[in-house]
Amino acid sequence: MEAEPEVMELYDLPFSDLLRLSSNSALPSPTNGDQSRLECISASIMEALGPSGPGLLSISGVPFASSLRRSLLPLALHLSLLNPKDRASLLKRHGLGSDVPLKKPDRSVSSFASLLKYQGESVLDQVQDIDFTSNSEEIAHNFGLSEHNDSEFDHLGDTFEKLGRCMMELGVRLARVCDNVMRITELEKSIIHSGSAKGRLIHYHSMLDGLILKEAIKRVGPKNRSKKSPAFNEICKEKSTVADLWQQWHYDYGIFTVLTSPLFLSSTVEGEHLVSKESPPPMGHSCLQLFDNRKKRIVSVKCQPDSFIIQVGEAADVLSGGKLRSTLHAVCKPMGLTGDVSRETFVVFLQPSWDKVLHCHGFSLDPDEEVRSGDELADIHSKIPPLSARLRDGMTFAEFSRETTKQYYGGSGIQSKR
């Protein structure tokens with residue numbers, strides 16, 4: 001039996017401190033003690049996101065995040081199991097699409113995506129003076145973000161956009177903090193100039209989902225499908241004895257990736273209905289894994305419920321001159337996971353505009369190249385096209401994006417058949 005990777009707890013940045021560090025409005029001059037504390041926080045942020053850190057951190061205490069997250073994430077499971085005709089109609093009505101082949105019953109991931117526009121005005125500035133110990137549902141109601149009691153999909157597009165805009169602003173604010181510390185203006189300016197970001201609502205399938213989707217192809221209608229439900233539920237009680245991957249190892253290639261903490265759902269088939277309830281994180285972590293190049297090991301990420309994770313992408317490596325560092329990562333199915341547990345998350349990808357020119361003079365494109373050829377986990381690196389093969393000085397971000405996608409997933413890409 002494989003050994004479970006070590007669990008790593010992320011550096012957590014309180015939302016109130018992020019607001020303080022990134023505010024453009026006039027604030028009272030900090031006392032010497034407060035100024036020293038803010039400088040220490042800025043240094044911790046750069047350590048977490050730089051070459052000596054994991055390349056990501058978490059942000060906790062964002063008002064109304066719990067309400068939005070709990071409204072949106074369960075819909076990923078329900079969308080993934082709808083019949084194709086109803087799903088297509090629903091996605092069109094809410095302005096969403098998909099970037100994965102949803103007709104494949106054996107898919108491990110379902111994704112529902114939309115372009116989010118950066119509108120400039122702050123969503124989060126208005127909450128600076130809120131008592132953060134107040135009831136989160138009351139805060140959500142005050143901002144028009146309370147949970148609804150209507151049909152479960154009625155507010156899909158609206159909730160998708162509201163949560164996406166909040167997450168975009170978290171990324172912009174963190175970029176501003178990093179720029180201030182590095183004394184550059186590249187990160188925030190590049191995100192804002194782009195004017196948009198991609199949001200993805202992602203469902204990582206359980207074994208039960210796969211059985212239901214395959215059965216739906218063979219049988220017509222939920223009544224026929226329900227005849228198999230006892231077998232479904234019995235099979236899915238079994239626990240895995242080896243680790244597997246929901247998503248293969250890769251680097252993100254934008255500036256920042258902003259993620260909700262994942263929601264895990266345990267499901268059963270009862271008659272004609274799929275019944276789901278929230279499940280604790282398997283093995284006590286998020287199932288997001290990182291490869292630690294310094295110690296040549298895999299670690300599993302643990303974060304607080306209802307927090308957000310912000311992860312560095314390769315474009316930020318280049319724009320910061322190597323002061324920030326992206327991290328190789330994957331999404332795992334850990335040992336001990338039962339076949340009825342799925343993983344739900346919402347992700348926003350912040351990137352430069354397509355015409356942004358990337359200059360890499362004096363920047364090492366593969367600072368960890370020596371790790372590829374000697375460590376015991378070299379098979380992971382063999383699945384990753386090196387940055388030096390995908391990026392050359394003077395490329396636009398659009399060219400870099402196309403080349404990266406081609407080398408990962410194109411017809412002859414390294415992960416094209418995985």
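Modeller: What follows is a walk through the packed helices, and then through the strands.

This is a predicted model, in which local features need pLDDT of at least 70 and side-chain atom pairs count only at pLDDT 80 or more, while totals for chains, interfaces and linings use all residues. Residues are numbered from 1 along each chain as its sequence is written, and side-chain values use heavy atoms, leaving out hydrogens and water.

The chain has 15 helices and 16 strands; these are DSSP runs numbered from the N terminus, with at least four residues for helices (H or I) and at least two for strands (E). Of its 418 residues, 52% are buried, a word used for under 20% relative accessible area with a 1.4 Å probe, protein chains only. Contact means heavy atoms within 4.5 Å, and among contacts with a separation of 6 or more, 80% join residues 24 or more positions apart.

Let us begin with helix H1, residues 15–22, which packs on H6 at an angle of about 55°, the axes being 9 Å apart. Axes are lines fitted to C-alpha atoms, for helices over the stretch in contact, and angles between N-to-C directions run from 0 to 180 degrees. H1 and H6 are therefore oblique to each other, the term for angles other than those under 35 degrees, over 145 or from 65 to 115. H1 passes H6 in a left-handed crossing, meaning that the near helix is turned anticlockwise from the far one by less than a right angle.

From H1, the contact uses Phe-15, Leu-18, Leu-19, Leu-21 and Ser-22, and from H6 it uses Leu-170, Arg-173, Leu-174, Arg-176, Val-177 and Asn-180. Seven of these residues are nonpolar, two polar and two charged; Ala, Val, Leu, Ile, Met, Phe, Trp, Tyr, Cys and Pro count as nonpolar, Asp, Glu, Lys and Arg as charged, and the others, Gly among them, as polar. Six of the eight residues of H1 are buried, so the rest of the structure largely encloses this helix. Those six are Phe-15, Asp-17, Leu-18, Leu-19, Leu-21 and Ser-22.

H6 (residues 156–182) also meets helix H3 (residues 65–80): their axes come within 10 Å and cross at roughly 125°. That angle makes H3 oblique to H6, and their crossing is left-handed. H3 brings Leu-68, Arg-69, Ser-71, Leu-72, Leu-75 and Leu-79 to the contact, and H6 brings Leu-156, Thr-159, Phe-160, Lys-162, Leu-163 and Cys-166. Here the division is eight nonpolar, two polar and two charged.

Ser-196 lies in strand S5 (residues 196–204) and counts as buried because its relative accessibility is 16%.

Now to the strands. An open sheet of five has the order S1-S11-S10-S13-S6, with mixed pairing; two strands pair if DSSP finds at least two bridges between them. Its edges are S1 (6–9) and S6 (244–250), each pairing on one side only. Within it, S10 (residues 288–292) and S11 (residues 297–302) run antiparallel and are joined by four bridges, with Leu-290 partnered by Val-299 of S11.

Finally, S8 (residues 263–270) and S9 (residues 273–279) pair in the antiparallel sense over seven bridges, and Thr-268 has Val-275 of S9 as its bridge partner. These two strands form a hairpin with two residues between them, where Gly-271 in the turn has a positive phi of about 65°.

Note on methods:
Buried < 20%, exposed > 50% of the residue type's maximum accessible area, 1.4 Å probe, protein only.
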